[in-house]
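Have the viewer open as you read.

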Amino acid sequence: MPALAQKRSRPVDKGSAARDKLRKSLLKWYDREGRDLPWRLRQGRPDPYRVWLSEIMLQQTTVAAVAPYFTRFLERWPDVGALAATPRDDVLGAWAGLGYYSRARNLHAAAQKMAVNGVPQSEAAWRELPGVGPYTAAAIAAISFDEATNVVDGNVERVIARLRAVDTP
């Protein structure tokens, strides 16, 4: 066979294999050790409304503080339509104690947009909503729709720093 006609073998992507192994290892650890939280489902498809609500509430707020608020919000407003239809002052009142009230105002404004336009299905579409930045959009798209996104926060930085033995992430 002439030299030009020979098939070239593809090099093995060792980085890809290592990433896949790490991904599987982290997911296995998560399945075993992940905390039971009101916004996490262990089975079935995550509800984008619940994922979005939890991500907004968890910005700059601890899990312990958010859990009871999340439950009360869902009891009062079980879906985005119910949240959108309520007066903004009711949302602000229910938010009292979580702080950073711009999150509540943006939550309500975003709910109103979703009530008209539907729930976004991609990271890019989530970023168009008030109060949804790059991290939040990526997290919602990844969790709710299995979109391959780059979700990097302080927790991810700490895990990678430990894996790479970096003293200061």
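What covers the buried residues of α2? The cover includes α3 (63–76), α4 (80–85), α5 (88–95), α6 (102–117), α7 (123–126) and α8 (134–145). Helices here are DSSP runs of H or I with at least four residues, numbered from the N terminus, and contact means heavy atoms within 4.5 Å.

Before going further, please note that this is a predicted model, in which local features need pLDDT of at least 70 and side-chain atom pairs count only at pLDDT 80 or more, while totals for chains, interfaces and linings use all residues. Residues are numbered from 1 along each chain as its sequence is written, and side-chain values use heavy atoms, with hydrogens and water left out.

α2 is mostly covered, with nine of its 10 residues buried (under 20% relative accessible area, 1.4 Å probe, protein chains only). Among them are Trp52, Leu53, Glu55 and Met57.

## A buried glutamate

Glutamate 55 lies in α2, which spans residues 48–57. This residue is buried yet has no salt bridge (a side-chain nitrogen of Lys or Arg within 4 Å of a carboxyl oxygen of Asp or Glu). The nearest side chain of opposite charge, arginine 40, is 8.2 Å away; Lys and Arg count as positive, Asp and Glu as negative, and His and the chain ends are not counted.

Leaving aside neighbours within four places in sequence, glutamate 55 is in contact with Tyr135, Thr136, Ala139, Ile140 and Ile143.

## The nonpolar core

The largest nonpolar core has 32 residues, where a core is a set of buried Ala, Val, Leu, Ile, Met, Phe, Trp, Tyr and Cys residues joined through side-chain atoms within 4.5 Å. Trp52, Met57, Phe73 and Leu83 have the most contacts inside this core. Its largest share, six residues, comes from α2.

## Rings around phenylalanine 73

The structure holds five aromatic pairs (ring centres of Phe, Tyr or Trp, its six-membered ring, within 6.5 Å; planes under 30 degrees apart are stacked, over 60 edge-to-face, the rest tilted). The rings of phenylalanine 73 and tryptophan 77 have centres 4.9 Å apart and planes at 65 degrees, so this pair is edge-to-face. Phenylalanine 73 is buried, at 2% relative accessible area.

Phenylalanine 73 also forms an edge-to-face pair with tryptophan 95, at 5.9 Å centre to centre and 85 degrees between the planes. That pair links distant parts of the chain, joining α3 to α5 across 22 residues.

Definitions and conventions: Helix = DSSP H or I, 4+ residues; strand = E, 2+ residues; numbered from the N terminus. Buried < 20%, exposed > 50% of the residue type's maximum accessible area, 1.4 Å probe, protein only.
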